[in-house]
Structures are given as structure tokens and as C-alpha cells.
Amino acid sequence: MSEAPAPPSGPAGSSDPTSPASPSDPAGSTGPVGPAAPADPSGPAGIEGYGYRQELRRSLRFTDLLVYGLVFMVPIAPFGIFGSVFQGSGGMVALAYGLGMVAMMFTALSYAQMSRAFPMAGSVYTYAGRGIAAPVGFLAGWMILLDYVLVPGLLYLIAGVAMNSLVPAVPVWLWLVGFVLLNTAVNYLGVEMTSKVNKVMLVGELLVLLVFVGFGLAALAAGKGRGFDFTPVYNSQTFSWSLVFGAVSVAVLSFLGFDGISTLSEENRDSTRAIGRSMIAALLLAGSLFIAQTWIASLLVPDPNTLITEGDPDGTAFYDAARVAAGGWLATVTAAATAVAWGFANSLVAQAATSRLLYAMARDRQLPAFLAEIHPSRRVPVNATLLTAGVSLVLGLWTASREDGITLLSTLVNFGALTTFLVLHVSVVVHYLVRRRSRDWWRHLLAPAAGFAVLAYVVVNADIAAQRLGFVWLAIGGLVLAGLMLSGRRPNLTAVAADQPSPDTLSPDFPSPDSPLSKENQ
């Protein structure tokens, strides 16, 4: 069995008393919040079993992970793209979000399995690289970069446009710069600070959502809008599967972010099961909120037929529905909440997730080594955080000058994420069913297969321009991979013997840990 590459900072088990892996170092414990939780008995003995040192601070609990995922998805995310989903689904917005939640739930189940097998930062890059093959992991990481690197720029741009509509005297670019600087400062202060800010922002978003739902229901009861009906779920006059799944490809943008929880695996101090459970819980909560708010808004839209035929070029359809519910003040409140949620809360956690992905790939020598540098006291990937901020700023300023900037970035983000999720489902089957010979047919075959089928249909029905640009990016990744291999930096992420599946996922006839069948790459 070949060894996993050691990180730039040194091998696991270093005898250096200042090593983050040593008991006396704050990264090996969690400083004032108490010692790290004991190793999960169902998984490997921490990341040291893979040749890495524990450098990031383990301080996050299940609740922190859940809040992180909810903030990343943004409970009021449909506010900003409601009109596009309404047009794409023929008015069946609640159905589009319901199907999106189901598709993402299968994906969350696959994430839960792989996060327990490989409890490390890197998300799909790590899971596909160790579950299938290292080159596949590199390409998966390259594709998810379309999501992780571009999404902060997209969020900053949307927020800047929204704030400019409220305060026209301040240009979009200035709002964008302000959001980037603010988020970078918070992330630089450490993951604990990010977690505290997340909780405050989540409470604020939920309060705004509660106000809208309350006034929206009261308005429908008073006879405003179309009254209560089930057309947001099913409309026989407009329904077709291709139409609905085309809308799902847009609605899925609201769900992206739950997967970012997996990038915090090395900062989770609970059992490895906490990663998967927090993903599933975040999806269920966010999906329920998405369905409720879009159902109410669909019934309050002033002119649904015009919205279906002409679309929502100004992105104000949800705010128009809020105006019907309670007047201009509610429209202003929902617009301002969208700007703050997307430009600060969501982009804050997006920047954190992106920096962890860059850190993981750099640690494995697949990106420049300076991105693997950890701040000595903050225990955050400082250079990766700063690079993410710089890229987001440049992208945001460039796309702010284009009329199609938001559309261009959003289609690329969706395509990158969905294609990577397809690889994730394959990695579950290969790692557990093929290599480990699991007989848990539901979690290791049927659920991944169902998730793959739904997402494949969505990708096929996605925007043609997004498909073209996405495959161009994939081709560039292939060239980069070829260059790495020719230069002697072939990806090497071999799983080690310490990686044993949880007993509750295996059948009685599954090979024991000591069996030759349970060893990889022999």
C-alpha cells in the first residue's frame, strides 16, 4: 500500500512539542472551549491515520455545523431568484423546490457516508480521490471550484445590485468591495468568530421570513392575491417533466451550501456522524422553509401569466408579492434582507468553505503550497482565505460591468456543483459496494443511484451555455492534471488501512478488518 502524502508542515505524529497535533497545542485541543472530542470509534483515528497533522482547530459542534449549513443555503434564498424559478416551472415553484430538496437529500446521504469514511477537509475532492482514484478526485475538486470559487463573487454581485436599488447613490462596485472586506476580516479572526456571526445572521433571516409568512397568510385570508390553492405544486395547464426539471436546475442554487459542511470535517469536535446528520437536518429545514415561502408568494404574485411569459428581468417578483401582502415597507424589508443575507451571511460561509477546499488540495500538492499555510494563532488557512477574497473581488467587479453577469455566474456555479455531485454518488458505490463489499443496498447502491439519476436529468436539461462553459472548464482541468502528472506531481490519495467502515453499515458476511479483502491497493 502506498502512503498518503504528508502535508507541507510535516508528517503525522511529529515529536515536535509545538506541533498542532501535540496535546499541548491549541490546534490539537480547542483551547478555552475544552479538549477535542475523542476519536469516533466507527472511523479512523483522526486525520493522522492518513499521514496528516491536525492543524485546524476542532471547536465546532453539531449545532454550529447545522447553523453553518443553513446560513450557507440562506433560509430566504428564494427571495432573490423567485421570478426565474416561477417562470421556469410554469408557476409550480413549490414543486420545483420540493423536487430539488429530494434530489439534494440523496446527495446528502452520500455525503454522510463518505464523510464518515474520510473525515477530512476537501469535500468531494477528498471523497472521490480516496473513494475512486486520486486523478478523479482532482477533477472533482476542479469542478467543484466552479461552485466554491465563483459563488462568493456571485453572492457579492447580487447583494451589491440589491443594495444599489435601495441606495442608488452608492454604486454596485463600492457595495461589493465593502462586503468582501467585511467577510474577509471575520473569517480571518477564526472559525469560532464565523460561527458566532452565523448564528446572529440566521436569527435575523428567520425573523424576516416569519414576518413575510405571517403577513402573507393574513393577506390570503383577507382575499388578496388568488386565494389558497395547489397550483404552486401542480398546474395541469403548464405541467411537463422537462419544464419542471429545468426549473429545478435553477432552484437547486438555493440548496447549494449544505455540502459546505463537509469542508469543516477537520474542525468538527463531535462524532464523524455529526457531519452527515447536520447536512440532512439543514436540508430538511431549509427545504421546508423554501416550499412554504414560495407557495405563499406564488399565490400573491400580481400578474402570474405575465411573469411566466416575460420573466423577471429586474429580479423583483418576490418583493412585488410582498408589496401585495403588506405594502411597500415589506417589499423594502425583504429586499434589504436579501442583500444582507447574500452579501454578508451567505458569502461569509462560502468564503470559509472555499478556503478549506483550496487548503486541502494544496496540502496534497495539487495546488501551490502557499495555500496550505495555517495562521499560527487563528488556526485558519490564511492564504487560501485571502486568495478567495481576491478572486471574488475581481470576479464581482468584472461581472458587475456585464448585463448578463448574474446569469453567467449562476449557471456556471450550478453546473459545477451538480456534475461534482454525480461523481460523489459514484464514489459511494465504488468505495463501499465494490471495494468494501458492503451489503447495505440502500445506503450504498439504491440511494446513490437514485440521486445520480435525478441529478443527471437536471444536468441534461440545464442551460446549453452552462453545459458548454462547464465542459470547457473540465477540459482545462484535464490539461492541468496532465501537466501535474508529467511534472511528477501525480495525485496520490491512497486510502489507508485505518479506514474501516462502520459495523452498522455492513452485512454479517462483510470481510473483517483483518481480512485481506478489507485492505486496499495490495
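These legends describe close-up views of a predicted model.

**Figure 1. Packing of helices α2 and α10.** Two packed helices are described by the angle between their axes and the distance between the axes. Here α2 covers residues 78–88 and α10 covers residues 273–300. The angle between the two is about 60°, and their axes lie 11 Å apart.

**Figure 2. Residues in the contact between α2 and α10.** From α2, the contact uses P78, F79, F82 and F86. From α10, the residues are F290, Q293, T294, A297 and S298. Sorted by class, the contact of α2 with α10 has six nonpolar and three polar residues, and no charged ones.

**Figure 3. The largest cavity.** Rolling a probe the size of a water molecule over the atoms shows where empty space is left. In this model there are four cavities of 30 Å³ or more. The largest cavity holds about 110 Å³ of space. Its lining is made of 15 residues, and V151, L155, L253, L256 and N346 are the closest to its centre.

**Figure 4. Helices around the largest cavity.** Which elements give two or more residues to the lining of the largest cavity? They are α1 (62–73), α5 (134–148), α6 (150–166), α9 (241–255) and α13 (328–363). The largest share comes from α6, with three residues. By class, ten residues of the lining are nonpolar, three are polar and two are charged.

How values were computed
Residues numbered from 1 in each chain as written. Predicted model: local features only at pLDDT ≥ 70, side-chain atom pairs only at ≥ 80, totals over all residues. Heavy atoms only, no water. Axes fitted to C-alpha atoms, helices over the stretch in contact; angles between N-to-C directions. Helix = DSSP H or I, 4+ residues; strand = E, 2+ residues; numbered from the N terminus. Contact = heavy atoms within 4.5 Å. Nonpolar A, V, L, I, M, F, W, Y, C, P; charged D, E, K, R; others polar. 1 Å grid on protein atoms, 1.4 Å probe; cavity = no way out; pocket = protein on both sides within 12 Å on 5 of 7 lines; lining within 4 Å. Points joined across faces, edges and corners; volume = space filled by probe spheres on them.
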